[in-house]
Amino acid sequence: MSKNATELIHSIPVDELTGALSVPIYQTSTYVQEAPGVNKGYDYARTGNPTRAALENLIATLEEGSTGIAFASGLAAIDAVLKLLQSGDEILAVDDIYGGAFRLFTHIYEKFGITVNYVDTTNAENVFDAITPKTKLIWIETPTNPTLKITDIEAVARIAKSNGSLLCVDNTFASPALQQPLLLGADIVIHSATKYLGGHSDLIAGLVVTKTRELGERIKFIQNASGAILSPNDSWLVIRGIETLPIRVAQHCKNALAVAEFLTQHPDVEKVFYPGLKNHPNHIIAAKQASGFGGIVSFTLKNDSIEAAHAFVCNTRYFKLAESLGGVKSLLCHPAQMTHKSIPAEKRKAAGVADGLIRLSVGLEEAADLIEDLRTAFELSKAAVQTQSIHA
Ligand SMILES: Cc1ncc(COP(=O)(O)O)c(C=O)c1O
């Protein structure tokens, strides 16, 4: 993040009316006008709200963009970007895309005549080969979920530009504390602010940031026209989360690296996925474009079975079994039975999501306690699987 913590904290405005240090929650649906069209900058709260505006300005500053726009969920933010397109347009998307984005692209937008081509964007040449004159939008996530694949944002941005396509980066996993795609040539950034920006697993929110004001105006128009705005209360919670973003993310990264290093040594582990490990295929690109490697670590078990992974995720104490990520408390999930359950097993495995793959969202507890928790889970789950096979 080019803004340091001091600048970030003091870029959140003090309320001009009252001097309130914390941004006030303007819980109102409408604003009294002096005469028709004569107002203090706000007329109806779907169109604009001062608490939401404070968040929108803050995220635009953090991502070094011109305009921030806040939505009721990450998926509503993605949906707003897709509404820039027209029937006949093509999207070129990362093949390891978040399942909810895949569902939206395939089941909602394809029926309106938008085609989606999925490619492995970890090699920019694949993007070059797959792009067509109809490709109006390139969609990447880096790192991806749950296999932490890395795409070179600058290289893909150059290809997008030469083709006249927009590049949108889902920056949810890295957050602007580690990576600012607009500075690397992207046109749009989206966030599930539900994750690291909110940071406390207590809200659902989405954000879009655009590089240009013109693109920002188009998304603002869509926000007002479609109406999936973020509430004032949740806007305030995201602002409060962002106040501690740099310090939280720094600790998430430290803890995640310690956990990843522990896992690489463990005899029951087949493979560890973490961009901070030197043997990660795109470690050098991750180090070039981000100032840290994030708080998510995935790994596969040597016993690559649903049963072994199931037993593991049911035997942790601090890592709570839950969907989502990016909060203070550590979470874990078993994608084959949870986030990726709807994907046919062969397709899921081809994308690297093995039966025995487990995803960790490493929280802010003591790293030593988290490692001990995992060590115990390996022992307990192995014993549980052995007992099952004896009784089978
Ligand atoms: C990378 C990524 N993008 C977008 C989303 C969607 O965000 P939300 O759940 O806030 O709608 C998620 C949710 O898990 C995600 O992981």
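1. Start at Asp-152. Leaving out residues up to four places away in sequence, Asp-152 touches Ile-285, Lys-288 and Gln-289. Contact here means heavy atoms within 4.5 Å. Asp-152 sits in the loop between S4 and H6. Asp-152 has 14% relative accessibility, so it counts as buried. Buried means under 20% relative accessible area, exposed means over 50%, and partly exposed is in between (1.4 Å probe, protein chains only). A polar atom of the Asp-152 side chain lies 3.2 Å from the backbone nitrogen of Ala-155. For a polar contact, the limit is a pair of N or O atoms within 3.5 Å; within protein, one must be able to donate a hydrogen and the other to accept it, and residues adjacent in sequence count only if both atoms are side-chain atoms.

2. A word on the model. This is a predicted model: local features need pLDDT of at least 70, side-chain atom pairs count only at pLDDT 80 or more, and totals for chains, interfaces and linings use all residues. Residues are numbered from 1 along each chain as its sequence is written, and side-chain values use heavy atoms, with hydrogens and water left out.

3. Gln-289 belongs to helix H10 (residues 283-289). Its relative accessibility is 8%, so Gln-289 counts as buried. What does Gln-289 touch, not counting residues up to four places away in sequence? The list is Thr-142, Ile-150, Thr-151, Asp-152, Ile-153, Leu-178, Gln-179 and Leu-184. A polar atom of the Gln-289 side chain also lies 2.7 Å from the backbone oxygen of Thr-151.

4. The peptide bond from Thr-142 to Pro-143 is cis, with omega near 0°. Pro-143 lies in the loop between strand S4 (135-141) and helix H6 (153-163). The peptide bond from Asn-145 to Pro-146 is cis too, with omega near 5°. Pro-146 is also placed in the loop between S4 and H6. Thr-142 is also among the residues that Gln-289 touches.

5. Ser-175 is not a glycine, yet its phi is positive, near 70°. Ser-175 lies in the loop between strand S5 (166-170) and strand S6 (188-192). Is Ser-175 buried or exposed? Ser-175 counts as buried because its relative accessibility is 1%. Ser-324 is not a glycine either, and has a positive phi of about 85°. Ser-324 is found in the loop between strand S10 (320-321) and strand S11 (331-333). With 27% relative accessibility, Ser-324 counts as partly exposed.

6. Helix H3 (residues 74-82) is mostly covered. How many of its nine residues are buried? Eight of the nine are. They are Gly-74, Ala-76, Ala-77, Ile-78, Asp-79, Ala-80, Val-81 and Leu-82.

7. Val-272 sits in strand S8 (residues 269-273). Val-272 is buried, with a relative accessible area of 12%. Neighbours within four places in sequence aside, Val-272 is in contact with Ala-260, Leu-263, Thr-264, Leu-277, Val-297, Ser-298 and Phe-299. Gly-198 is 74 residues from Val-272 in sequence and 27 Å from it in space, C-alpha to C-alpha.

8. Lys-111 lies in the loop between helix H4 (99-109) and strand S3 (115-119). At 60% relative accessibility, Lys-111 counts as exposed. Lys-111 and Val-328 are 217 residues apart in sequence, and their C-alpha atoms are 39 Å apart in space.

9. Step back to the whole chain. There are 13 helices and twelve strands. Both are DSSP runs, numbered from the N terminus: helices are H or I with at least four residues, strands are E with at least two. The radius of gyration is 22 Å, close to the 21 Å that the globule rule gives for 392 residues, so the chain is as compact as a globular protein of that length. The radius is taken over C-alpha atoms, and the rule is 2.2 Å times the number of residues to the power 0.38. Along its principal axes the C-alpha trace spans about 80 × 50 × 40 Å.

10. Last, burial and contacts over the chain. Of the 392 residues, 53% are buried. Of the contacts with a separation of 6 or more, 72% join residues 24 or more positions apart.
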